[in-house]
Amino acid sequence: MIKEYLKFVIVGHVDHGKSSLIGRLLFDTKSIPQEKIDEVKTVCEALGKDFEFSYLMDYLTEEREKNITIDTTQTFFKTKQRDYVIIDAPGHKEFLKNMITGSSLAEAAILIVDADEGIKEQTKRHAYLLNLLNLKQIIVVINKMDLVDYQEKRFKEVEQEVITHLNKLNLKPNYIIPISAKNGDNIATKDNNLNWFQGPTVLDALDSFTNQFQEENLPLRLPVQDIYEDMVVGRIESGKIEKNQEITILPSNVSNKVLSIKKWREELDLASYGHSIGLKLDDIQVKRGQIICDKDNLPQVVNNFKATIFWMSSNEIKVNEIVSLKIVTQEQDVVIKKIHKLMDSSTLEEIDGDVIKETYIAEVEFKSDKPLVIENYNKIPEMGRFVLIQNEDIVAGGIIV
Amino acid sequence: MDHLDELENKSIYIIREAFHDFKDMALLWSIGKDSTTLLWLCMKAFFGKLPFPAVHIDTTFKFPEMYEFRDKYAKEFNLNLIVGKNEEALKKGVNYQDTDTFECTHLLKTEALKQTIAKHKFKALLVGIRRDEHGIRAKERYFSPRNKDFKWNYKDQPAELWDQYKSKAEEDVHLRVHPLLHWTEQDIWEYTKRENIPVNKLYFAKDGKRFRSLGCMPITKPIKSEADTIDKVIEEIKNTKEAERAGRLQDKEQANTMEKLRSLGYM
């Protein structure tokens, strides 16, 4: 069970140095082809600027001209220990959906804070979202130590500020590291400028993290994705499925039996979570959106349920407005019956009212005319998270807790 | 589940989602290693029978070995092959010698694709691009809408999370679906080796040179290489400092060319 890549996201307030840190990581691990460095040099010269590390990630003309990251992007680098995928996420409030798109793929996160400015609006918002996205391996880097003369005192102040805020979210960072992305201090190597710091470099901290695997022994959940002639296809979201196994299909609550398991030319006796397979069943009255389950361990089938949602569209939603909900392959019109709590995702202050707006977090109660098959997010994450869709676009994500 | 399994299963999931959401779709098969891997994954997803056509956008300036490869495997995989050309531009004699690379690529590839989509009314296209190929492709989504002018609105891309994608397209919009977005060049070769996927011989070294990326003959240059087997190719990629598309002239010429090409609808 060896996976060769660890995917991590870099988040934080605008201008605190996310793209620069990535540029530095790539540069110090010698992961950039010379051609890319030359291309960036050419562009920088054309714009009359010094070499910008951030241009290695910020590829759009507008990103380069304005020195901001608009969209999430991914790149690859290697340490002696393993390969990494770095996900860069934009720091502007307007690009929150891009930040979430990137972060939802990560197994670990670096939260970057400017040593001079301390924590800001997006630092807090991103920290909250990391928590919601279930990211538990976190490094906080205090960047731009060069701007504060590498003072330990200033580091301690910002560190305390960070800890105080993260405590409110029940978020415990694994490491808090002072760095200078610009000068390369504490990224790949220890440096004299920060010799008072006893902890690891950023690369050492990353190397200490592990790949996130699904818990073993979870019950079978296989959402039906499609039907090809007499073949039911889908991906096993949890557990495993065996030939001749008796299964229950929800929400219709019908018993069925697995006659064969196929993967193109292969016939399998057993398949486990993560695999996209085809099944021949005893009874072929099955359709997309139904969930094939372990008959002795069934999920909840509900019409009403509570969830926490985060809104990432400039469109708003009101109580009792119809919205489309997608959870695995289930898609259903639902309404928000009640808002239990409405919050600003940065300040965490409660907001009055019954309109959910961009960047708000809401604890809500959903009502659906037709039953939905769900799980608690902490038990089987794949079955406990969903998106909301308005006018063909994903406008919010949510978790069931 | 190992790394290649993980890549494969995610791609198959995406291909099946695309087919569920958009029945009028096609695989864009450029005859290169990536789109051939994608073709292989489609064969897996649909148990050996592709339920939609494979489209080859033919500039007529491809390598003879590419046409050979196309015709051989189109037959072997029993594909419904559609060859799309910008006949009007070709009649006018547009070519890489007399027209600049940017314009020629635009006319013979992007415009030809536009005409093919319009003719067959495709709502979605499977395209084998990867994030590690180019910084601008790293910004892509798995399901990426293009409007009727083919424009990629990269400033306002749809949110994607937890394998939920944009599943409907407005009138006049088509979706580019990118099931290989999370693969690297090395992944492609390791998977090609494991699965024994057919490989065009142009990728293997002959007389000290091989092609690392395939395109139109006049604007695609080979690299110096002694890698004449798949194992040697993998070893070479692991150690190279050169960019994969270094031999593809249309990407360069001026700063941000790739962005301009892509915003006009290039793959």
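Modeller: In β2(B), B:Ala54 is the bridge partner of B:Leu27, and this belongs to the parallel pairing of strand β1 (residues 25-28) of chain B with strand β2 (residues 54-57) of chain B, which runs over two bridges; two strands pair if DSSP finds at least two bridges between them, while strands are DSSP runs of E with at least two residues and helices are runs of H or I with at least four, numbered from the N terminus. The model is a predicted one, in which local features need pLDDT of at least 70 and side-chain atom pairs count only at pLDDT 80 or more, whereas totals for chains, interfaces and linings use all residues. Residues are numbered from 1 along each chain as its sequence is written, chains are lettered from A and ligands numbered from 1 in the order in which they are written, and side-chain values use heavy atoms, with hydrogens and water left out.

The open sheet of chain B has six strands in the order β3-β2-β1-β4-β6-β5, with mixed pairing. Its edge strands, each pairing on one side only, are β3 (81-84) and β5 (143-146) of chain B, and from one strand to the next the twist averages 30 degrees (axes are lines fitted to C-alpha atoms, for helices over the stretch in contact, and angles run from 0 to 180 degrees between N-to-C directions).

Across β1, β4 (124-126), β5 and β6 (174-177) of chain B lies α1(B), running at about 40 degrees to β5(B). Helix α1 (residues 3-21) of chain B also meets helix α2 (residues 33-45) of chain B, their axes coming within 9 Å and crossing at roughly 75 degrees, so α1(B) is roughly perpendicular to α2(B), a term that covers angles of 65 to 115 degrees. On the side of α1(B) the contact (heavy atoms within 4.5 Å) is made by B:Glu8, B:Ser11, B:Ile12, B:Ile15 and B:Arg16, and on the side of α2(B) by B:Leu38, B:Leu41, B:Cys42, B:Lys44 and B:Ala45.

Turning to the domains, an automatic or database assignment divides chain B into domain 1 (3-184 + 254-263) and domain 2 (202-251).

Key
Angles under 35 degrees count as roughly parallel, over 145 as roughly antiparallel, 65 to 115 as roughly perpendicular and the rest as oblique.
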